[in-house]
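Let's take a walk through a protein model together, one piece at a time. Keep the picture open beside you as you read.

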Amino acid sequence: MIATRARALALLEQMFLIRRLEEKCAEVYSAGKIRGFLHLYIGEEAVAVGAMAALDAADNVVATYREHGHALARGLTPTAVMAEMYGKATGCSRGRGGSMHLFSTPHRFFGGHAIVGGGLPVAVGLALADSMLGREGVTACFFGDGAVDEGEFHESLNLAALWRLPVLFVCENNLYAMGTALERHESVTDLCVKPRAYGIPAENVDGMDLFAVEAATAHAVSEVRRHRSPFFLEAKTYRFRAHSMYDAEAYRSREEVAEWAQKHDPIDLAVAELTRRGLIDGAEPAAIDLRVRAAVERACEEADAAPLEPVGDLLRDVLAPEVG
Amino acid sequence: MTQMNMVQAINDALRIAMRKDERVVVMGEDVGKVGGVFRVTSGLYDEFGDARVVDTPLSEGGIIGAAVGMALYGMIPVPEIQFSDFIWPAYDQIVSEVAKYRYRSGGEYTSKMVIRTPVGGGIRGGHYHSQHPEAQFIHVAGLKVVCPSNPYDAKGMLLASIADPDPVLFFEPKRVYRAAKGDVPEGEYTVPLESAAVVREGRHVTVIAYGAMLYEALDAAQKAAEQGIEAEVVDLRTLWPVDIETIIASVKRTGRLIIVHEAPKTCGFGSELVSLVCEKAFYHLEAPPVRVTGYDTPFPYTLEMEYLPLSHRILPAILDTARAV
């Protein structure tokens, strides 16, 4: 449980940081400073922040193409993330990846994965290696409800269960696979049924509730550590923004989005809960907001000033550099 | 005649084919209610309903596999893979099922379908929204591979593909989806598959291109003409089976050959074209064939305009090849 005030405030700050950094991303994307396709996590912040809070530094994280929030919650700096968005050499992937390909070895952050479902087998492999090497770590693998449609999902769950691998599968069910609603892309919409078919224990949690996510993940991770076997956590969440910057959202109503944003905003909910518990006073959220806005502005300024990858590097890193 | 861009022309072809033959079914990720990420299937869901414009889960292998089954019953599925970069989960189905059904059943069955997918870079799409994977499919016997460069060909070749008895991979060069505009006849017409088009005549050097790079080749040819070099530009249109007669006839006139494609050079389609020309017109060549292509790298994030074989890289190849002795 998030017992201390300092810890609660730190997590709230991460949520604010993700929100403000992504709002900034949308702004500079329109100005042409970010290329590629940009998928915003706004609305889902409590999932990454709550889940990451329950992981240790020695654990592995595999994320999706909507992974800015995961990277920031895992501790990558806004500067490293924003520079990567800009494709600058100072980015966390040296400007090679962009929005969908954030990596960081010190954070054991094994990437954004731009192919839906592509990260799941990778997570299985990391856990298999941990198991073979006698490491204690857990691999947390994030993916959306759309990935449940892919064959790799089922192959990965079967392997993880069969080989008893320490994988925490975190399904961020935001109710839409790109533009197709859950009941239009899943035969059985209770996603927890699927891992259970492979013998993997599964629970779901309100993904808009930071504290519920943190508690559920802490329990799930402890189960993975205790049994050295997989666990499936479904976080029920909602994406407030379009799938990508080119999505006119013909598949859902404005009213539906507005209702989620008004009633279930994870930041509002966290502030209300912290206030109720007496862990925060009225002025603190605004102060946090100001602080992260300043950090985001700095990140953008640094990204703007940083150099692009030089043209001479076009062929670099295709294969290992020649030695000697 | 109506002015259309490629998106509109392909949409028009799908609508005509669906109105004409109720066996034609469009399927794919967000092709229905959303109308496709590039809006190519826009409006079809409203006209034909969800039984013929099927929003599928994110299951590329499942989409193509299901299309195989539909095709075995004589339906004509036109599945869309949202970006060609997402086609790999379906590669097994395409290689092992789609391409080989006719052969391995001794002609008892076919899995005729038209797989539409946007290809190519130059839209700031990054690693996995930019690739141009024709060579991996041309190598698989049993598939036809088409890549039109303009609205007229796109409509006529899509209708020809839907009418064709064999499975067709229909590559749509997304960089020119809206940029390439032109007059398109109303109603049904076809552009025969397996026919390349000489889109600019010239006597000094033959330049082969297709898809979005055709426009780069034409631009380079125009600039070369200003320096007295007349390049003949051939738009392949259908990549496989390739119209080798048109290529050979041109090479026999010019004696010099340049091939342009976005995909990496090594084992790219250009390698096969050079081999074919050497086999069939070796003694007509007056200079070594040249490939102007993407580099042997993954598709880059920021350096895509350096990676792509744009006009400024094609022009020196034209001049050098034309002047080589």
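This is a predicted model: local features need pLDDT of at least 70, side-chain atom pairs count only at pLDDT 80 or more; totals for chains, interfaces and linings use all residues.

Two strands count as paired if DSSP finds at least two bridges between them. Thr206(B) stands opposite Leu257(B) in E13(B). The strands involved are E10 (residues 205-209) and E13 (residues 257-264) of chain B, which pair in the parallel sense over three bridges.

Now step back to the sheet around them. Five strands of chain B form an open sheet in the order E9-E11-E10-E13-E14, and the pairing is mixed. At the edges stand E9 (197-200) and E14 (290-294) of chain B; each has a single partner strand, so one side of each has no neighbour in the sheet. On average, neighbouring strands here are turned by 25° against each other, direction ignored. Helix H9 (residues 244-254) of chain B packs on this sheet, touching E9, E10, E11 and E13 of chain B.

Chain A has an open sheet to explore too. Its five strands follow the order E1-E2-E3-E7-E6, with parallel pairing. The edge strands, E1 (60-62) and E6 (202-206) of chain A, each pair on one side only. From one strand to the next, the twist averages 20°. Inside the sheet, six bridges join E3(A) to E7(A), and Val170(A) stands opposite Leu233(A) in E7(A). Helix H6 (residues 151-162) of chain A packs on the sheet, its direction making about 150° with that of E3(A).

Last stop: is helix H2 of chain A buried or exposed? Nine of its nine residues are buried, so helix H2(A) is largely enclosed by the rest of the structure. Among them are Glu45(A), Gly50(A) and Met52(A).

Key. Residues are numbered from 1 along each chain as its sequence is written. Chains are lettered from A and ligands numbered from 1 in the order in which they are written. Side-chain values use heavy atoms; hydrogens and water are left out. Buried means under 20% relative accessible area, exposed over 50%, partly exposed in between (1.4 Å probe, protein chains only). Helices (H or I, at least four residues) and strands (E, at least two) are DSSP runs, numbered from the N terminus. Axes are lines fitted to C-alpha atoms, for helices over the stretch in contact, and angles run from 0 to 180 degrees between N-to-C directions. Contact means heavy atoms within 4.5 Å.
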